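Subject: Handover of a structure and the findings from it

Dear colleague,

Please find below the structure that I am handing over to you. My notes on the findings follow it.

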Amino acid sequence: MKLPNPFSLREIEHPLFGRRPVAVSTLWRVFTVNALVFGAAVFVLILSPATVRNHIRFTELVVLVVGLVATLAVDLVLLALVLAPLRRLATLMGNIDPRRPGQRAPAGNWASSETIALSQALNTMLDRIETERRESARRALAAQEGERLRVARELHDELGQTLTAVALQAERVAADFPSQTAPLQEIVATVHHSLDDVRRIVRELRPEALDDLGLTDALISLCLRMEQQGALTVRRELEGGLPPFSSEVELVIYRVAQEALTNALRHSRATEVRVALGRGEEDTVVLRVTDDGEGLLSAPIRQTGGLPGMRERAILIEADLEVANAPGKGVEVRLAVASNHESA
């Protein structure tokens, strides 16, 4: 069987990287470097006037030691250049952040065949992992939204109707027994207050405005509701004429804004929050939620403040999520979505 020439620079059509020279294996590269170095050392010895006597002199010993050190130094430098792509690949593998998908190992034009094989295997594995993660997140979030919808319907249909019936019954009893009007009216007021709480919870579980009116009106409704819940001023900067998104993308944008506003209301002690939605750079639509609170002061808040959930939702629609934290000055949550995004 005829073996291919390991030193050939013949171009081939690579399925991933297009036309490129045939990659030489690391084994042949190391062998070639060593052969060149030691061949050059022998050639220098042949041409040099240096001799070694039977009883070696000190000067001859010095020449041999210096020549050996020089040869090893040259060999070390050349081997470092040959193995540099492997070190760069190892560094990349150690720095891959699962929260920032899309990182891939490049294939250098002069990388060895082993390095190219490792890069391809790593990239294939990352593709598979990211695809599975998106699908898992999509299934989990779809189940979560389905459960929220079910709970919202049960609260609205069952608990809401029950509280309404209690309020009507109390009003009828108050009409029949005027002496008990005051305590019964207090009961009616408490029931109506509970009905308002149920309606608020239902709206948080399933934003009806998002389904009926669209993303911008849903964000306006969300901001007004957050202002009513606490001593918080919400400034809206919502740009019009934005490109249409799928319902999945709109839901992710809405949930990220909702989570960021909830964190500002519950954890940051902020007095003002700015919610901005508009066009960004490189054909993107950017959501920014910025507060003037205390920032994320501790790790438990980072874990319980909904940040992992926001990151999972961003990965689901292949968006970029950044959380800029300035302790004592506030937090900015930034979500950038490609305007031409098409949800699967």
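A salt bridge is counted here where a side-chain nitrogen of Lys or Arg lies within 4 Å of a carboxyl oxygen of Asp or Glu. Please note that this is a predicted model, in which local features need pLDDT of at least 70 and side-chain atom pairs count only at pLDDT 80 or more, while totals for chains, interfaces and linings use all residues. Residues are numbered from 1 along each chain as its sequence is written, and side-chain values use heavy atoms, with hydrogens and water left out.

Salt bridges

The structure holds six salt bridges. Arg-104, Asp-127 and Glu-130 are joined in a network of such bridges. Helices (H or I, at least four residues) and strands (E, at least two) are DSSP runs, numbered from the N terminus.

Arg-104 also forms a salt bridge with Glu-130, at 3.0 Å, N to O. As for exposure, buried means under 20% relative accessible area, exposed over 50%, and partly exposed in between (1.4 Å probe, protein chains only). Glu-130 counts as buried because its relative accessibility is 15%. Asp-127, at 37%, is partly exposed, and Arg-104, at 28%, is partly exposed as well.

A further salt bridge joins Glu-237 and Arg-274, whose closest N and O atoms are 3.0 Å apart. This pair links distant parts of the chain, with Glu-237 in strand 3 (residues 233–238) and Arg-274 in strand 4 (residues 272–279), 37 residues apart. Glu-237 is partly exposed at 44% relative accessibility, and Arg-274 is partly exposed at 26%.

Cavity

A cavity is a set of points, on a 1 Å grid over the protein atoms alone, where a 1.4 Å probe fits but cannot get out; lining residues have an atom within 4 Å of a point. Grid points are joined across faces, edges and corners, and a volume is the space filled by probe spheres set on the points. By this rule there is one cavity of 30 Å³ or more. The largest cavity has a volume of about 140 Å³. It is lined by 14 residues, of which Ala-260, Asn-263, Ala-264, Asp-291 and Val-331 are the closest to its centre.

Helix 7 (247–266), strand 5 (284–291), helix 9 (307–316) and strand 7 (330–338) each supply at least two residues of this lining. Helix 7 gives the largest share, three residues.

Surface and backbone

Phe-58, Leu-61, Val-62, Val-65, Val-66 and Val-69 form a nonpolar surface patch with about 550 Å² of accessible area together (Shrake-Rupley method, 1.4 Å probe). Such a patch is made of residues with over 30% relative accessible area and no salt bridge, with nonpolar side chains (Val, Leu, Ile, Met, Phe, Trp, Tyr) joined within 5 Å. Leu-61, found in helix 2 (residues 58–95), is partly exposed at 41%.

Glu-318 has a positive phi, near 55°, in a residue other than glycine. Glu-318 lies in the loop between helix 9 and strand 6 (320–326) and is exposed, at 53%.

Yours sincerely

Definitions and conventions
Patch = residues over 30% accessible without salt bridge, like charges linked within 9 Å, V, L, I, M, F, W, Y side chains within 5 Å. 1 Å grid on protein atoms, 1.4 Å probe; cavity = no way out; pocket = protein on both sides within 12 Å on 5 of 7 lines; lining within 4 Å.
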